[in-house]
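Let us read a two-chain model feature by feature.

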Amino acid sequence: MFHTISEKILALKSGLKEVYPGELVTAHPDKVMSHDNAGLVIRHFRTIGAEKVFDPKKIIIPLDHRVPAESERTAAAHKSIREFVIEQGIENFYDIKEGICHQVMVENGHVKPGELILGTDSHTTSYGCLAAASSGIGATEMAAVWATGELWLRVPETIRIEINGRFIHGVTSKDLALFLLGQLTARGADYKAVEYYGGVIDNIPVSGRFTLCNMSMEMGAKFGIVPYDNETAKYIKGRVKNDYTVFSADPDAVYSKRYKFDISEMTPQIAKPHRVDNVVPLSEAAGIKIDQVVIGSCTNGRIDDLQIAADILKDKKVNSRVRLLVIPGSRSIYLQAIKQGILEILLNAEAVILNPGCGPCLGAHQGILAPGEKCLATTNRNFKGRMGSTDAEVYLSSPIVAAKAAIIGEIPEKVDPA
Amino acid sequence: MDKKLTGRVWVLGEDVDTDVIYPGKYLPILDPEEMAKHALEGLDVEFSNRLKAGDIIVAGMGFGCGSSREQAATCLKMAGVAAVIAGSFARIFFRNAVNQGLPLVQADLSGKLMDGDIVTIDFESNRVEYTGGEVEFPPLAESVKAILDAGGLIPAVREKLGLAT
């Protein structure tokens, strides 16, 4: 046998003994996730004309993109979703209070190692942090899955990325994700699965693996997977039943490409507008004046991200020219941040704390940029117009760099201890 | 799906992302006709007004990178775009286009065409003909073709479930 993790998962979920890259299979996902765009999925589902969804237990719907509703249109969509989940007996519905869909999925035990999970959101790749094969799909095909329980998928080639060395001070998994984007480019993993290995990966907690698998999508990846290990086991203990299958790649698994990086000398990284792969070391972006800083999103809205920001902002003030928006990734992170005193520190520093959700990441609401403004965000995309005006600019960074920038009002040259 | 398409082209660049094809602020729109009005708005707010039924988009590598929003494919189709030719497509955009019955052609025509040129796509011989040349493109998988022939995934699923009238 010579298969990668993705090939093994797709074979099992397609009822086949083996599958090979390039093959089109009909797969049966373990779970499917939709957020606010469930409103669009419902419309398509009605057009198909099926009466009942294939299995209400396998459908998870957290509302997060525009919460609370920012417009009458969104309010109507949310209402249609609330009615639909009752009609169909979908119990795993998380209303606007709960947080970002991917965080909610992982936190609440909806993701198990070895599962195939599809979601109507590109960053569904995040669940690779728990060794699942998960990927984004469109609303039309999600309606088809709701009706039939199956979907056509292409078996991807797999890229193996090995990260050795160690993070120097102030460098995080977000910097690694940006670094890899710079190296492989935004098309570097198109249609491919990515498997992460190496000493650095072994030492990254699930939170940081989440960031890495989340950003794998920005390289075009179908799946981003960190193989199961003790760290995975520790995280899922108490969250999921012990009925999952652990897959590992065969020693002679066939990879379409292999990369090996030693990141011992890697400094914090910045993605400059308007491309996610326009990545430079922090020093090359230093001095750029910032109008808004966003700390949050499915990429970097977890408790360790908020803690690190609080450590830097403790007894400091956000620069008077800067608006700092902080968005805890979920209700439980929000609560934990209150208990740990993080929010008090951030509020004293004059940050604005937003409710758990996607916030301004996709230009929906809560922090839209005006023409000519610049934003430094811990989010995942800096496309033209992403956060509002097409004449605004978005820079991407880690929460450490973002917190520091919020104080000095510009992208810092380095992130030495504050 | 038509076996042959002839249309006027609009030439775009590389890595045309889903935010410029269909900005996030319009995601709450559910009416496909209304989505069409915002097609490619991130590149030019007037773009959708210039698109005519049967037009063909020609772009470089990485077309449709970014979000899973299928509106990026819907808005183009509803604005009259008959097909997209690109050096390569981002994964989810490819799926969304196929599932909504918008044909895609993977061919690198960068530098060979200008806005307003006429091209013919032949899905039987897998060739794109343009003034001064032609290129061959990899055929779509049979199962993908079947979805396009059905007019998209929804008609295909309705047929499969015996719900088609």
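This is a predicted model: local features need pLDDT of at least 70, side-chain atom pairs count only at pLDDT 80 or more; totals for chains, interfaces and linings use all residues.

Q: How many residues of chain B are in contact with chain A?
A: Contact means heavy atoms within 4.5 Å. Here 44 residues of chain B touch 45 residues of chain A.

Q: What is the area buried between chain B and chain A?
A: The size of an interface is often given as the accessible area lost when the parts come together. Buried area is that loss, taken with a 1.4 Å probe and summed over both parts. Between chain B and chain A the buried area is about 3600 Å². Carbon and sulfur atoms give 57% of that area.

Q: How many residue pairs are in polar contact across the interface of chain B and chain A?
A: A polar contact is a pair of N or O atoms within 3.5 Å; within protein, one must be able to donate a hydrogen and the other to accept it, and residues adjacent in sequence count only if both atoms are side-chain atoms. The rule finds 24 such residue pairs between chain B and chain A, both residues at pLDDT 80 or more.

Q: Which elements give two or more residues to the side of chain B that touches chain A?
A: Helices (H or I, at least four residues) and strands (E, at least two) are DSSP runs, numbered from the N terminus. The elements of chain B on that side are α1 (18–21), α5 (91–99), α6 (142–150) and α7 (153–160). α5(B) gives the most, with 7 residues.

Q: How many salt bridges are there between chain B and chain A?
A: A salt bridge is a side-chain nitrogen of Lys or Arg within 4 Å of a carboxyl oxygen of Asp or Glu. The count between chain B and chain A is 7. Over all chains it is 31. One of the pairs is B:D15 with A:R275, at 2.8 Å from N to O. Both belong to a network of salt bridges that also links A:R187, A:D277 and B:E14.

Q: Is the pair A:E141 and B:R95 buried or exposed?
A: Buried means under 20% relative accessible area, exposed over 50%, partly exposed in between (1.4 Å probe, protein chains only). A:E141 is buried, at 0%. B:R95 is buried too, at 3%. Their side chains meet in a salt bridge at 2.9 Å, N to O. The pair crosses from helix α5 (residues 139–148) of chain A to helix α5 of chain B.

Q: Where does B:E136 form a salt bridge?
A: The partner is B:R127, with the closest N and O atoms 3.5 Å apart. B:E136 is exposed, at 56%. B:R127 is partly exposed, at 26%.

Q: What is the strand order in the open sheet of chain A?
A: Strands of a sheet pair through backbone hydrogen bonds, either parallel or antiparallel. Two strands pair if DSSP finds at least two bridges between them. This sheet has 5 strands in the order β4-β3-β2-β5-β6, with parallel pairing. β4 (93–94) and β6 (133–136) of chain A each have a single partner strand, so one side of each is left without a neighbour in the sheet. Strand β3 (residues 59–62) of chain A is joined to β4(A) by 2 bridges. A:I61 has A:F93 as its bridge partner in β4(A).

Conventions:
Residues are numbered from 1 along each chain as its sequence is written. Chains are lettered from A and ligands numbered from 1 in the order in which they are written. Side-chain values use heavy atoms; hydrogens and water are left out. Buried area is the accessible area (1.4 Å probe) that two parts lose on being put together, summed over both.
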